[in-house]
Amino acid sequence: MDVLICIKQFFNSGAIVQQSSTYRMRLKKNVRITDPACVDIVMKMTLEMPDREPVKPFVPGQFIRMGIPDVKNPAPAYFAVASSPHESRHYEIVIKQGTSIGDHLALLAPGAEVEVEGPMGKGFNLAPFKGCDVILMGVGTGISPLRSVWDSIIHHRSDFGKVTIYAGFLTPLHNLLTDEMDALSRHNIEVNISVATGSDDWNGAIGYVQDMLLADHPSGENSVACLAGMSAMVDACSETLQNLGFNDSRILLNF
Ligand SMILES: Cc1cc2nc3c(=O)[nH]c(=O)nc-3n(C[C@H](O)[C@H](O)[C@H](O)COP(=O)(O)OP(=O)(O)OC[C@H]3O[C@@H](n4cnc5c(N)ncnc54)[C@H](O)[C@@H]3O)c2cc1C
């Protein structure tokens, strides 16, 4: 339901910045990234052009519309590009099973073709925010569009001040991209991970990303925040940021 609301809002906002027709991409890899004991299956798909041409360039945070060639049901859906905008050989897409198209895509084997439109959406444009501190807040698969943002920041690290990621997952077994996030300290990027429900061996934070943000109490004066997740999370984080003094122009969404 959240996703439907988001997509409706996306179309109502007229936010498509790049109109494009559909084209085919080929699945190179399809790898599970949630713990085998996790009830939710989340896959990382690697997609390349059939003739190994470079993929279409994109702005961090943009997404593609992806479906099964010549199949209307399940209908195509929107998936954020999780890979680096500096990587021209392929896109990486993080997909959670649980929707009909997600279930279908998660089972595809390498070599399968998918139908793609885009990249589209406004993405997260950090160009006007050089010199600012950057806050990235993502929950669940919403962390994937932020991955392309932090990779882009790493390529231009001196353009930004303090960079902090707040990532929220359902449980410690929903550890999407957490290995990669652990390694971000070498780029002077601080990572805070919280889970909604802990476990015996979880020593980290329990709660929502906005709770961790509030505890840190960053100033909104010279900072910008990028938000990615379901609408309830985006609304709650926006309100928290506004209460911390963030002007609306410093709270960015990717669609
Ligand atoms: C344009 C667009 C692109 C999309 N791209 C993708 C994609 O690439 N891949 C994909 O699988 N889906 C995608 N979606 C769907 C959407 O991103 C996910 O449904 C959403 O991010 C939730 O992720 P999840 O189901 O993994 O969350 P869950 O695993 O169900 O939850 C993750 C976290 O959300 C927290 N949470 C719940 N409620 C709140 C709240 N009120 N405040 C704060 N935190 C809260 C939970 O505690 C938990 O920590 C896309 C949707 C749109 C509109």
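Strand β1 (residues 23-32) pairs with strand β6 (residues 113-120) in the antiparallel sense, over 4 bridges. Helices (H or I, at least four residues) and strands (E, at least two) are DSSP runs, numbered from the N terminus. Two strands pair if DSSP finds at least two bridges between them. Tyr23 stands opposite Val116 in β6.

This is a predicted model, in which local features need pLDDT of at least 70, side-chain atom pairs count only at pLDDT 80 or more, and totals for chains, interfaces and linings use all residues. Residues are numbered from 1 along each chain as its sequence is written.

**Confidence**

pLDDT is the predictor's confidence in each residue, from 0 to 100. The protein chain averages a pLDDT of 92. A score of at least 70 is reached by 92% of the residues. Residues 11-19 stay under 50. For that stretch the model has 10 contacts beyond four places in sequence. Two residues are in contact if their C-beta atoms, placed from the backbone, lie within 7 Å.

**The antiparallel strands**

Strands of a sheet pair through backbone hydrogen bonds, either parallel or antiparallel. β1 also pairs with β2, again in the antiparallel sense, over 6 bridges. Here Asn30 has Met45 in β2 as its bridge partner. Strand β2 (residues 42-48) is in turn joined to β5 by 6 bridges, and these two run antiparallel. Thr46 stands opposite Glu92 in β5.

How enclosed is strand β5? Of the 6 residues in β5 (residues 91-96), 5 are buried, so the strand is largely enclosed by the rest of the structure. A residue is buried if 20 or more other C-beta atoms lie within 10 Å of its own, exposed if 12 or fewer, and partly exposed in between; C-beta atoms are placed from the backbone.

Glu113 sits in strand β6. Glu113 is partly exposed, because 15 other C-beta atoms lie within 10 Å. Beyond residues up to four places away in sequence, Glu113 touches Arg24, Arg26 and Pro69. Ala215 is 102 residues from Glu113 in sequence and 46 Å from it in space, C-alpha to C-alpha.

**The parallel sheet and its helices**

6 strands form an open sheet with parallel pairing, in the order β10-β9-β8-β7-β11-β12. Its edge strands, β10 (205-206) and β12 (251-252), each pair on one side only. Within the sheet, β8 (residues 163-169) and β9 (residues 189-195) run parallel and are joined by 7 bridges. Thr164 stands opposite Glu190 in β9.

Helix α3 (residues 143-155) lies across β7 (133-139), β8, β9 and β11 (223-228). The direction of α3 is at about 155° to β7. Helix α6 (residues 231-243) also packs on the sheet, where it touches β7, β11 and β12. The direction of α6 makes about 165° with that of β11.

Axes are lines fitted to C-alpha atoms, for helices over the stretch in contact, and angles run from 0 to 180 degrees between N-to-C directions. Two packed helices are described by the angle between their axes and the distance between the axes. Helix α5 (residues 209-216) packs against α6 at about 10°, with the axes 9 Å apart. The two helices are therefore roughly parallel to each other, a term for angles under 35 degrees. On the α5 side, the contact involves Val209, Gln210, Leu213 and Leu214. Ala236, Cys237 and Thr240 meet them from α6. The contact residues divide into 5 nonpolar, 2 polar and no charged. Ala, Val, Leu, Ile, Met, Phe, Trp, Tyr, Cys and Pro count as nonpolar, Asp, Glu, Lys and Arg as charged, and the others, Gly among them, as polar.

Asp159 lies in the loop between α3 and β8. Asp159 counts as partly exposed because it has 15 C-beta neighbours inside 10 Å. Lys130 is 29 residues from Asp159 in sequence, and 5.3 Å from it in space, C-alpha to C-alpha.

**Backbone details**

| Site | Feature | Angle |
|---|---|---|
| Asn73 to Pro74 | cis peptide bond | omega about 10° |
| Gly118 to Pro119 | cis peptide bond | omega near 10° |
| Asp70 | positive phi, not a glycine | phi about 60° |
| His217 | positive phi, not a glycine | phi about 50° |

Pro74 is in the loop between β3 (63-67) and β4 (77-80). Asp70 is in the loop between β3 and β4. Asp70 counts as exposed because it has 7 C-beta neighbours inside 10 Å. Pro119 belongs to strand β6. His217 lies in the loop between α5 and β11. With 8 C-beta neighbours inside 10 Å, His217 counts as exposed.

Methods. Parallel < 35°, antiparallel > 145°, perpendicular 65-115°, else oblique.
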